[in-house]
Number of protein chains: 4
Amino acid sequence: VLHLGGSVVELAPGRAVLRPPFRAELAQQHGFFHAGALTTLADTAAGYAAFTLMLEGAAVLTAEFKTNFLRPGRGAAAVARAEVLKPGRTLMTVRADGFCAPEDGGAGELAATMLATMAVVRDRPDVPPG
Amino acid sequence: VLHLGGSVVELAPGRAVLRPPFRAELAQQHGFFHAGALTTLADTAAGYAAFTLMLEGAAVLTAEFKTNFLRPGRGAAAVARAEVLKPGRTLMTVRADGFCAPEDGGAGELAATMLATMAVVRDRPDVPPG
Amino acid sequence: VLHLGGSVVELAPGRAVLRPPFRAELAQQHGFFHAGALTTLADTAAGYAAFTLMLEGAAVLTAEFKTNFLRPGRGAAAVARAEVLKPGRTLMTVRADGFCAPEDGGAGELAATMLATMAVVRDRPDVPPG
Amino acid sequence: VLHLGGSVVELAPGRAVLRPPFRAELAQQHGFFHAGALTTLADTAAGYAAFTLMLEGAAVLTAEFKTNFLRPGRGAAAVARAEVLKPGRTLMTVRADGFCAPEDGGAGELAATMLATMAVVRDRPDVPPG
């Protein structure tokens, strides 16, 4: 378990869970999490999950992702869970789900699901490792 | 041309161009625009483009989007251009491109392209019109 | 369990499994299943899964899908498994996985995974129910 | 202009147009082109477009694609047009559009649009060049 920029990150081989601190700017003005904010959260978790399977010195870049938004992401907190479906030498396919916990403390609901392709890059001076 | 939250928004039927002010939090720590930030920008432009074709009282929700990242989004400014490919009564398919202008003032490059499905909703008390 | 066009279809609420008969035209010339063939199979299973949750008289249309191809789809048989992630009155989000069974009779591997949006349509004379 | 398997293929650097012969199995039972058939057509055109920019000895594999279906693909003929948006050494982003020409001989309509990631592979004995 890491603490990065206020976020809690749980890592296991091919998996990552990301729990950001509540930040007002993540929420829409009507109490919903933005599509963009949920996507950013899921993309970050996907990158961490891919990173757990990469060789030293390699970096990860998001090649593409697709996100379906299932429910209005309402609530007090959001969590992203990512899993590498297929590791590869140059590409990794990752699924990441975004959950939102309601303000009444109930269990989180699946608010968004992402399917992403992460590119493993090496020897790119413009992309720092990690 | 509107000015919303510091952003300049150009609207035409089925089209929108969004030019946000430079905001440090949009940039990665190494001078790149985040995948998530470019996606949020493109999604917002897509929503505006869909909104230009909607009847009064309707609201737009992002059902899903997919973004391909073509180049590192480096530079001083980002712009999103969105176009409705197919308007519909309940669904609109929108393409949105994200461009990044280099710091040397050169022309912007296509950094990301999005294909999105926007849902037109009515009579949803939890989703405010507009 | 239905038998439709030579295929075996297992249905449960929100779920479908589709096992087509081996057809030579599904296979690439080098013994792989085509990306397009796996996608067609997954899309069909996704449509069946959505159909199990629809009211009588409604029909399902594929609004969009995205498929990631994880491994070369080699083998003697393919199976698609679909699950509705979020049923809705006008839209359903469905995940569908395509598995390929190797010719030596071993267990099937996940060859492709799809995330799809199905539109529920009513009163469209050009789209027959079911 | 090539003639392959009954199809006409027009190639230019980074572009391909694919015009298959009318085949009954492409059409739905109600006179529409299947989502899967349009996707297969677009994916094939995308592969040809990527191939025009590849070095000798390399092969192309579809890593992923996403297709939005804009209109019922009705008519007598379908055409796919593909364009490489970003060529790369290991990945190419390609857009491919599927058009359907109505039976009355009118101009074709955009029926589907695809955004695809093609992987450039080398030295893979299981994937033949081309």
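Analyst: The following account begins with chain A as a setting and then turns to the aromatic rings.

The model is predicted. Chain A holds one helix and nine strands. Read from the N terminus, the order of elements in chain A is β-β-β-β-α-β-β-β-β-β. Chain A has 130 residues, and 51% of them count as buried. Among the contacts in chain A with a separation of 6 or more, 64% are made by residues 24 or more positions apart. The accessible surface of chain A is about 6,000 Å², and carbon and sulfur atoms contribute 54% of that surface.

Against this setting, the aromatic rings can be considered. Over all chains, the count of aromatic pairs comes to four. One of them joins Phe69(A) and Phe65(B): the ring centres are 5.1 Å apart and the planes meet at 70°, so this pair is edge-to-face. The cut-off behind that label is an angle of over 60 degrees between the planes. The pair crosses between chains, since Phe69(A) belongs to strand 5 (residues 59-69) of chain A, while Phe65(B) belongs to strand 4 (residues 59-69) of chain B.

The cut-off applied to both is a relative accessible area under 20%.

Another pair is formed by Phe65(C) and Phe69(D). Their ring centres lie 5.1 Å apart with the planes at 70°, so this pair, too, is edge-to-face. This contact likewise crosses between chains, running from strand 5 (residues 59-69) of chain C, where Phe65(C) is found, to strand 5 (residues 59-69) of chain D, where Phe69(D) is found. Phe65(C) is buried, with 0% relative accessible area, and Phe69(D) counts as buried at 13% relative accessibility.

A further kind of ring contact involves charge. In chain C, the charged end of Arg81(C) sits over the ring of Phe99(C), at 6.0 Å from the ring centre. In chain D, the charged end of Arg81(D) sits over the ring of Phe99(D), and the distance to the ring centre is 6.0 Å.

In summary, the pair of Phe69(A) and Phe65(B) is edge-to-face, and so is the pair of Phe65(C) and Phe69(D).

Terms used: Residues are numbered from 1 along each chain as its sequence is written. Chains are lettered from A and ligands numbered from 1 in the order in which they are written. This is a predicted model: local features need pLDDT of at least 70, side-chain atom pairs count only at pLDDT 80 or more; totals for chains, interfaces and linings use all residues. Side-chain values use heavy atoms; hydrogens and water are left out. Rings of Phe, Tyr and Trp (its six-membered ring) pair if their centres lie within 6.5 Å; planes under 30 degrees apart count as stacked, over 60 as edge-to-face and the rest as tilted. Helices (H or I, at least four residues) and strands (E, at least two) are DSSP runs, numbered from the N terminus. Buried means under 20% relative accessible area, exposed over 50%, partly exposed in between (1.4 Å probe, protein chains only). A charge sits over a ring if NZ of Lys or CZ of Arg is within 6 Å of the ring centre and within 35 degrees of the ring normal. Contact means heavy atoms within 4.5 Å. Accessible areas come from the Shrake-Rupley method with a 1.4 Å probe; for residues, only the protein chains shown count as cover.
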